[in-house]
Amino acid sequence: MGVTGPIRVVVAKPGLDGHDRGAKVIARALRDAGMEVIYTGLHQTPEQIVDTAIQEDADAIGLSILSGAHNTLFAKVLELLKERDAEDIKVFGGGIIPEADIPPLKEKGVAEIFTPGATTASIVDWVNANIRQSADA
């Protein structure tokens, strides 16, 4: 079943990280590009994020992580999506993530990682190309 209407993206700040400016910038860029964005706010648990994504019928979850807990938090979100039979919800993210950690995250199922310096246009383009494509397939 393909996407009907705009792409729906949950933008979330998991864990104890209290800095959300980047997440808000991405949320606005996605919204300005015509997507429906649900911003969950700070200090969300992986369970809250997955619950929101399922309840909102999201196509994707964008995680912003600056705390250094990216390996644990991405893995937990992916595990919960699998448990809830919601693996069709793509997970992407960004933040302070060392280059060496990106390949293992992608092997676990993270669709894309954006590091500091990624432009909002490149993120919007990636979401449009990859979320629509996979949802329409």
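Guide: Start with β3, where both faces are covered. Ala 60, Gly 62 and Ser 64 are buried on one side, and Ile 61, Leu 63 and Ile 65 are buried on the other. Buried means under 20% relative accessible area, exposed over 50%, and partly exposed in between, with a 1.4 Å probe and protein chains only. Helices (H or I, at least four residues) and strands (E, at least two) are DSSP runs, numbered from the N terminus.

This is a predicted model: local features need pLDDT of at least 70, side-chain atom pairs count only at pLDDT 80 or more, and totals for chains, interfaces and linings use all residues. Residues are numbered from 1 along each chain as its sequence is written, and side-chain values use heavy atoms, leaving out hydrogens and water.

Now the neighbours. β1 (residues 8-12) pairs with β3 in the parallel sense over 4 bridges. Two strands pair if DSSP finds at least two bridges between them. Val 10 has Ile 61 of β3 as its bridge partner. β4 (residues 90-95) also runs parallel to β3, joined by 6 bridges. There, Ser 64 has Gly 94 of β4 as its bridge partner.

Next, a helix. In α2 (residues 46-55), the buried residues are Pro 46, Ile 49, Val 50, Thr 52 and Ala 53. They pack against β1, β2 (36-39), β3 and α3, where contact means heavy atoms within 4.5 Å.
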